[in-house]
Amino acid sequence: MDNQIKARKVIQNNQEFLLGVFRYSQFKNFTKYTERLITGYAEVDDEDRAFEELSQVSPVYNPQIQRKTNSAKIERIADFLITDPTAMFPTNIVLAIPKQVIDNQVLDQEGNMVLTLNRIVKEELEKSEGIVFLTIVDGQHRIKGLERAIERLQKALADPRQETDKVRNQAILNRLMNLELVVTFFIDPILEYQAMIFSIINKTQTKVPENLVFSLFGLTLEDTPQKTALEVILALNGLEKSPFFKRVKLVGGNYQRGVDIPLSQATMVKSVLYNICHNQREAEIERNKKRGALSNNPYNLPFRPYYAQDNDRMIIRIMYTFFKAVRDSFIGPGPVFYWDIGSTQEVNVLQTNVGYQALMKVLKYLLPVIPEADRDKKEIYMRYLSAVKNINWLDNGQEKRYPFTSKSINILYDDIRRELEIP
């Protein structure tokens, strides 16, 4: 029945809640995303009339707990659900059920709690501005993302211009409607208790480090831009003659205390990845595509054609030769190779993540003017870099021009670009 909730009673530290599993096609009969949180209803003396009038009263709402959703995050979740056939939500959606809408509550022979909801719950959900009685305490972005994915698929199915994708879109829509959600229900929790639940769930979560995320892509057998970007960096870090040899701090690496490993694995992986895919959202979508599908290049990303042509080796060669040219171009008295770790008393900007990211922007700026056949030749890059003579790599003025902050990336890039002799 579409108005019944069947779930197990769970007790933790004398606190009770119900735990159930529902396909989204069932779940949508109970609730949907709403910004508003009900804190009370108009009092009705006659209990039999209460439910008849619930749809006509003005509920009291509190906006402080149920936050507004982030539209960009919702679109990323929708992308994830539509493009990734392995997409899932393994963590619980948490709902609050007001006792006013529970018509019956019994324990069945299997030990499950069976709640029968008043018909008004579904009737209001079917209205565009109806009351949402079962409110989402935690999981609103996931549900709104799921709703958005279904909305986009339904729109595509109704569009005659997308007739060729109809079978695919219908299959994805069916999959999402049958997606099973793990749902936790709290019956009639007071406002403060809902706030406590929301706070505990969200404030105690630890964000997964980007370094670890990118390392996990290396474990998959799937061929993705993320995996390629990681493998490029691992190759550059592992080649003994590479300018990046043992210069990247890798996840799980065994490093001696006090040894300075200047470059972040996540920073370097992203610098390659976002020269294959336009941004994080596109990277998530395109990791589920075959390489050939990335042959279009609307943003003129320099590494994208090589990925599409299954030529990852060329990405490695370009970065290898360009940064070799950097190392051999920026030299001080002595001679001092500013790129080399330990060459100066203090770490200079060229040896940091800031310097690396600025130089990657320089590389992206240079590549369009360099013939394809010359893109892996060190002397070609040195010819351009030789014009850069006025950078104070030691940055030893009274006021630092290149402090190790993200702002310095563009400052250093602009300083180098102005001196490059680009025809």
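Biologist: Asp310, is that one buried or exposed?
Modeller: Exposed, at 56% relative accessibility; the cut-offs are over 50% relative accessible area for exposed, under 20% for buried and partly exposed in between, with a 1.4 Å probe and protein chains only. Bear in mind that this is a predicted model, where local features need pLDDT of at least 70, side-chain atom pairs count only at pLDDT 80 or more, and totals for chains, interfaces and linings use all residues. Residues are numbered from 1 along each chain as its sequence is written, and side-chain values use heavy atoms, leaving out hydrogens and water.

Biologist: Which residue does Asp310 form a salt bridge with?
Modeller: Arg291, with the closest N and O atoms 3.5 Å apart. A salt bridge here is a side-chain nitrogen of Lys or Arg within 4 Å of a carboxyl oxygen of Asp or Glu.

Biologist: Switching topic, what does Glu151 pair with?
Modeller: Arg148, at 3.1 Å between the closest N and O atoms. Both lie in helix α5 (residues 140-157), three residues apart, about one turn of the helix. Glu151 is partly exposed at 44%, and so is Arg148 at 24%.

Biologist: How many salt bridges does the count come to?
Modeller: 28 by this rule.

Note on methods
Helices (H or I, at least four residues) and strands (E, at least two) are DSSP runs, numbered from the N terminus.
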